[in-house]
Each structure stands twice: as C-alpha cells, then as structure tokens.
Amino acid sequence: MNKNKRETPIYVNLYEQIKKMIQEGKYSENEKLPSKRKLAASLKISPLTVDAAYQQLIAEGYVYSIEKSGYYVAKQVEVLENTTKQKYKIEYENQIETIDYKFAFRTNVVDTSLFPNATWAKLSREVLSENHHEMLNITNPKGMEPLRKEIAKYLELYRGMKVHEEQIIIGSGTTSLISILIEIFGRDKHYAIEDPGYSKIYHLYKGNDVKLSLINVDDNGLSLEHLINAQANIVHITPSHQFPTGIVMPIQRRNELLNWAIASTDRYIIEDDYDSEFRFQGKPIPALQGLDNHQKVIYMNTFTKTLAPSFRMSYMVLPLKLLTKYKEISAHHSCTVPNFEQYIMYKFMNGGYFERHINRMKNQYRQKLDIILKMIQKYPNIEIKGHETGLHFLLVIDTGASEQTIIQKAKKQRIEISGLSSYYKIQGHKNSKPTLVIGYSGIKTEEIETYMNALINIIS
Ligand SMILES: Cc1ncc(COP(=O)(O)O)c(C=O)c1O
C-alpha cells in the first residue's frame, strides 16, 4: 500500500487499490476476491479494516457478496470515450469573450464602493446573535412578514401605493417572480413585452413556452395600437423608465393602457419598476399601480439596482383578486430568498438605513451624471436621452458613422459599449440613428471623466 498516504485511513487506501484493479481489468467479472481473513493476514491489518473497504466497494457497485462464500467482482460497464470532447472544448473556448475591457459602460452593475458594508455586517451579526430559531425552518412562501410589512410602508411613502403586506411576494429576482406569474395566469395565455427590451425577460417568457408578442415602443412607450393588434392578454412594461430607451410613459398612455386592461377580464399589466428610485429631476413619477382601481396591475420591483445585482431579492404586489389563485399554487412553493437575508433586509429598511442608502446613492449618481452632461454638451452631434431617471441613458450620434462601426472602433480601444439595435428582437423595429446604451452606475465618480473622455474620443 502507498506509504505516503499516511493521512488517509487504511481502509480507504485498500478500497482505492482494489477499485483501481477492477477498473483496469486486473480482476475480471465474477472473479472471487481474496477473503477478508487472508487479505488481513497478508497486509498485516485488521479484518475489520478489510471489511470496511469491501463494504464501500459493495455500496458503490464494484463488488457483490455471496453469503458464506465470499466477495466477487461485479459486472463492469465502461463509459464510452467521448470523441467529440475536444471539439466541444474548442467551441466553448471560442465563445468566451477574451477582451480585457479597460472602460466598461455596463447597464447591469452598480458602484460596489457605495455598498453599506459596515451597516450590513452589523445587522448580519445582530440577526445571527438574536438566534431566531424559527428562521431555520421554512416560512411563508410569500417571504417573511416583517420584511413584507416594511416593503408595504416603503411603497406607500415613496411610490404612493396603498398595499397590504399579504399582497407582497418576495422572490430571488424579477425573473423568478415572472415564473410565478406565468403559473398564476397559465401557459395558455398570450403575453406581450416591449421591443426593444430587457433580454432576460424575453428569454424567460420564451423559455416558459408561452405565446409571446413583441410590441414596439414609440415616443410615449409601448405602442397601444400594436398591443391591440397583437391580441395579447398580459403585457409586461417598464413605464417609469423604459428599458433601454429611458422613455417615461406619460399619463395619457398609462390611462389608455389601463383602459385596454379593463376592457377584458383576462387582461393584466405587469409594471416592472426596476430603477424608478433614481429619478434625478422633479418628483418621482407615481407608479401605474397607483392609478389602477380595477385590480389590473401587478407591480414589481427589485433590490438589484438599489443594493446590488447579486442580492437576488425582488418583490411583486399582486392585486387582491389574484391572491386566491396564488394561494392554490403556493402550496408547492418555497420562498426563493433565504430567511436570514430577508431579515437583514427587514432591519435595513426598518432602521432607516435603506432610505439613507438610496439618498446617498442618488447623490453620487447625480454627481456622475452632472459630469457626463457637462462633457456631452460640448458636442452638438451627440444627443443624450433618457437620463432623467435610472442608471443608464442613450447617446444618439450624428457623425455619419454607423452603430456597428462605432462599437467595433470602441472594442479596439478596449471600451465596452452596446448599441440600441442589439436590444431589438424584431429587425423591423430598428432605431433610426446610431444610438448607444450607456450604463454609468458601475463607474466610480472619480473615474467618470476618464471613462467619458475615452468614449467621446471614439464617437465625436
Ligand atoms: C427591465 C428590467 N427589469 C428587471 C431588472 C432586474 O432583474 P432582477 O431583479 O432579476 O435582477 C432589470 C435589471 O437590469 C431590468 O433592466
């Protein structure tokens, strides 16, 4: 036996050795293995050790035993050699983007230096030391009641919404909540989403195999005419800050949409309010849910933008009339966010930290935006759009260069940007002028100028 493996129990070494011999064909099928007593004597180890090795081999299916006879080698089935393994490896490697970007203008990140680490650590310690035993067991599939109460208070204060905590469902990300909604409404319903839009949402509906229509976006948001023509039942929209165009849906279009929903019992609107906390001009735009007196709007929000994308914590508000249906399906659901994280979040909101954190983030993001606006103003052929709310904006470029040329040029300079065209699923819905979707939330305030200079050099 290998003497170097001193740390490993003897029976494990013996088990490994016999297994290897079986795998290499040194023992053939149904061949009798040495008896426990003989093997123990020749190796000068205890028969109990040999027994432990044989028991492990039996448990894994390498060996079988016959009472009063001994141990035998079981039938071996070889796994076929995968001749295409190398091909897959090469294909996979080719798919990996190897560019090491120096300046990334991504929409799906936040400035992690602003994360309230110390407070979060303090609250986490508090939650652990308070020893809430009940939190170790599965709780309400809707999520923890104290957090749902805090969210209801927050929505009333900041979004003007009258919501009972029983209407709130917490889930790990907007996408996980959409799956619940599809279960509530059914796969036989016809869904509609915005085009251009958030790719993850498109893939989620598609992945759920539901009938899906892509509705184009005009200057006031989702086109009502196209929605009516599509004959969909449920529409998913981002009225506070259309993703990615940044259009804020005006009151007229909101009311038209509500009228569309009221006109038929099976029509609903999913209001995805993913980044409305960050409104930099004027008052926050009231949520569409607040205008709804007919229980037609499902409101959704997330902590992805306000805290961090890795939190995977979002929530939705169901109209009262959908709660009965939710109750039926929730019998086989568990909340997808761990209780501990929910309780820390509850303390974060209840202690006033969330409000302070958002105000601090808003100030920082406003500073970044001010720097950007000042720099862009100097270039008459670059127009900024959709920057009043949220953490990304559009740059419409009128230099004669195509969107693709600009993006390729940027790539060569290790600048990561995306064109608005890539957010469209239907070719016919194209934007007219070259337009870039610029996320600035992940860039530190002190680095904004350097990033923007690099970008302007490419596009001006
Ligand atoms: C339109 C839209 N909805 C929702 C989200 C958030 O999704 P999640 O809560 O799954 O992180 C985002 C994030 O960028 C988004 O752009």
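**Close-up views of the predicted model**

View 1. A polar side-chain atom of T304 is placed 2.7 Å from an oxygen atom of the ligand. Of the 400 Å² that the ligand exposes when taken alone, the protein buries 98%. At D272, an N or O atom of the side chain lies 2.7 Å from a nitrogen atom of the ligand.

**View 2. The shell of residues around the ligand.** The ligand is surrounded by 14 residues, and the closest are T174, D272, T302, T304 and R312. By residue class, the shell consists of four nonpolar, seven polar and three charged residues.

**View 3. Surroundings of D273.** D273 belongs to the loop that connects strand 9 (268-272) with strand 10 (297-302). Is D273 buried or exposed? D273 counts as buried because its relative accessibility is 1%, and the limit for buried residues is under 20%. Its side chain makes a polar contact of 2.9 Å with the side chain of S276. A further polar contact, at 2.5 Å, joins the side chain of D273 to that of Y299. When neighbours within four places in sequence are left aside, the residues in contact with D273 are R159, S240, Y299, M300 and N301.

**View 4. Domain 2 and domain 3.** The chain is divided into domain 1 (10-73), domain 2 (103-110 + 356-459) and domain 3 (115-353). The centres of domain 2 and domain 3, taken over C-alpha atoms, are separated by 26 Å. Contacts between these two domains involve 28 residues of domain 2 and 38 residues of domain 3.

**View 5. E355 in helix 13.** Helix 13 spans residues 353-377 and includes E355. E355 counts as partly exposed because its relative accessibility is 39%, a value between the limits of 20% and 50%. The C-alpha atoms of E355 and V109 are 20 Å apart in space, while the two residues are 246 residues apart in sequence.

**View 6. Q56 in helix 3.** Q56 is part of helix 3, which covers residues 47-60. With a relative accessible area of 29%, Q56 is partly exposed. A distance of 9.9 Å separates the C-alpha atoms of Q56 and K19, which lie 37 residues apart along the chain.

Methods
Residues numbered from 1 in each chain as written. Predicted model: local features only at pLDDT ≥ 70, side-chain atom pairs only at ≥ 80, totals over all residues. Heavy atoms only, no water. Helix = DSSP H or I, 4+ residues; strand = E, 2+ residues; numbered from the N terminus. Buried < 20%, exposed > 50% of the residue type's maximum accessible area, 1.4 Å probe, protein only. Near = heavy atom within 4 Å. Polar contact = N/O pair within 3.5 Å; in protein donor to acceptor, adjacent residues only side chain to side chain. Areas by Shrake-Rupley, 256 points an atom, 1.4 Å probe, with all protein chains shown as cover. Nonpolar A, V, L, I, M, F, W, Y, C, P; charged D, E, K, R; others polar. Domains from an automatic or database assignment. Contact = heavy atoms within 4.5 Å.
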